[in-house]
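User: I have a model open and want to go through some of its local geometry with you. Can we take it one topic at a time?

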Amino acid sequence: MKATKKSAVVVGLLGNIALFISKLIIGLITNSIAIISDALNSLTDIINSVVLFISVRVGSKSADKEHPFGHYRSEPIGALIVAVLTVVLGFEIIRIAIDRLISQVSPNFSMPMLLMLFAIIVVKSSMYFYTKAAWKKTNSTALFAFMMDHRNDILIASGAIIGFIGSNYGLAFLDPLVAILIGLWIIK
């Protein structure tokens, strides 16, 4: 496996594990469905990272008797698996958010938690630029999918912050509404 592809996937995997744990803790402490949805998105990112790691690893193998043209097509297959898992997650987030919207559950606002959410955006932005540099060097479809997922995560986390802040100002419906938008964005 080329070192550039491998390092981008490993950085993404480790980063997504750290982000999943951080977001889940913040979401559970604050009872924010938007932040919990963002954590679940990070969980699928972990699964996606493993799938992409395997597809990049297989795709970098040389041609052999069974595969005279090489194994490069495994990367688009990995990208397809990532897409399917992501759509399933999007629908589940929407379902949970609608339940929260109906029951009018409000998150518990906390300034330290808000600062942690901003730190998460900084970390995910770093992962995006690192993967983008690796993609430019390799033109890998798997890394492109990974890079776009990092970008989407930045937008999703930003939306979660909006829902979280809105709930502090008596707009409790914003948290599940943002979670629904996050689910739709994930599906898109």
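User: Is Asn-31 buried, exposed or partly exposed?

Analyst: Asn-31 counts as partly exposed, at 25% relative accessibility. Buried means under 20% relative accessible area, exposed means over 50%, and partly exposed is in between, with a 1.4 Å probe and protein chains only. This is a predicted model, where local features need pLDDT of at least 70, side-chain atom pairs count only at pLDDT 80 or more, and totals for chains, interfaces and linings use all residues. Residues are numbered from 1 along each chain as its sequence is written, and side-chain values use heavy atoms, with hydrogens and water left out.

User: Where does Asn-31 lie?

Analyst: In the loop between H1 and helix H2 (33-59). Helices here are DSSP runs of H or I with at least four residues, strands are runs of E with at least two, and both are numbered from the N terminus.

User: What about the phi of Asn-31?

Analyst: Asn-31 has a positive phi of about 60 degrees, although it is not a glycine. Most residues other than glycine have a negative phi.

User: And what is phi near for Asn-139?

Analyst: Phi of Asn-139 is near 55 degrees, again a positive value in a residue other than glycine. Asn-139 lies in the loop between H4 and H5, and at 58% relative accessibility it counts as exposed.

User: Switching to Thr-138. Which helix is it in, and is it buried or exposed?

Analyst: Thr-138 is in helix H4 (residues 111-138). It is buried, with a relative accessible area of 19%.

User: Which residues is Thr-138 in contact with, leaving aside neighbours within four places in sequence?

Analyst: Thr-4, Lys-5 and Leu-143, where contact means heavy atoms within 4.5 Å. Thr-138 and Thr-4 are 134 residues apart in sequence, with 7.6 Å in space from C-alpha to C-alpha.

User: OK, helix packing. At what angle do H4 and H5 cross?

Analyst: Roughly 165 degrees, and their axes come within 8 Å. Axes are lines fitted to C-alpha atoms, for helices over the stretch in contact, and angles run from 0 to 180 degrees between N-to-C directions. H4 and H5 are therefore roughly antiparallel to each other; angles under 35 degrees count as roughly parallel, over 145 as roughly antiparallel, 65 to 115 as roughly perpendicular and the rest as oblique.

User: Which hand is the crossing of H4 and H5?

Analyst: H4 passes H5 in a left-handed crossing. Left-handed means the near helix is turned anticlockwise from the far one by less than a right angle, and right-handed means clockwise. By class, the contact of H4 with H5 has 18 nonpolar, five polar and four charged residues. Ala, Val, Leu, Ile, Met, Phe, Trp, Tyr, Cys and Pro count as nonpolar, Asp, Glu, Lys and Arg as charged, and the others, Gly among them, as polar.

User: How do H5 and H6 pack?

Analyst: Helix H5 (residues 141-168) and helix H6 (residues 174-187) pack at an angle of about 165 degrees, with axes 8 Å apart. That makes H5 roughly antiparallel to H6. H5 passes H6 in a right-handed crossing. Residues making the contact include Leu-155, Ile-156 and Gly-159 of H5 and Val-178, Ile-182 and Trp-185 of H6. By class, this contact of H5 with H6 has ten nonpolar, four polar and two charged residues.

User: What about H1 and H5?

Analyst: Helix H1 (residues 3-30) and H5 pack at an angle of about 20 degrees, with their axes 12 Å apart. That makes H1 roughly parallel to H5, and H1 passes H5 in a left-handed crossing. Among the contact residues are Lys-5, Ala-8 and Gly-12 of H1, and Leu-143 and Phe-146 of H5.

User: Last topic, rings. How many aromatic pairs are there?

Analyst: The count comes to two aromatic pairs. Rings of Phe, Tyr and Trp (its six-membered ring) pair if their centres lie within 6.5 Å; planes under 30 degrees apart count as stacked, over 60 as edge-to-face and the rest as tilted. The rings of Tyr-128 and Phe-129 have centres 5.1 Å apart and planes at 75 degrees, so that pair is edge-to-face. Tyr-128 counts as buried at 14% relative accessibility, whereas Phe-129 is exposed, at 53%.

User: Which residues form the tilted pair?

Analyst: Trp-135 and Phe-144, at 5.2 Å centre to centre with 50 degrees between the planes. Trp-135 is partly exposed, with a relative accessible area of 22%, and Phe-144 is partly exposed at 35%.
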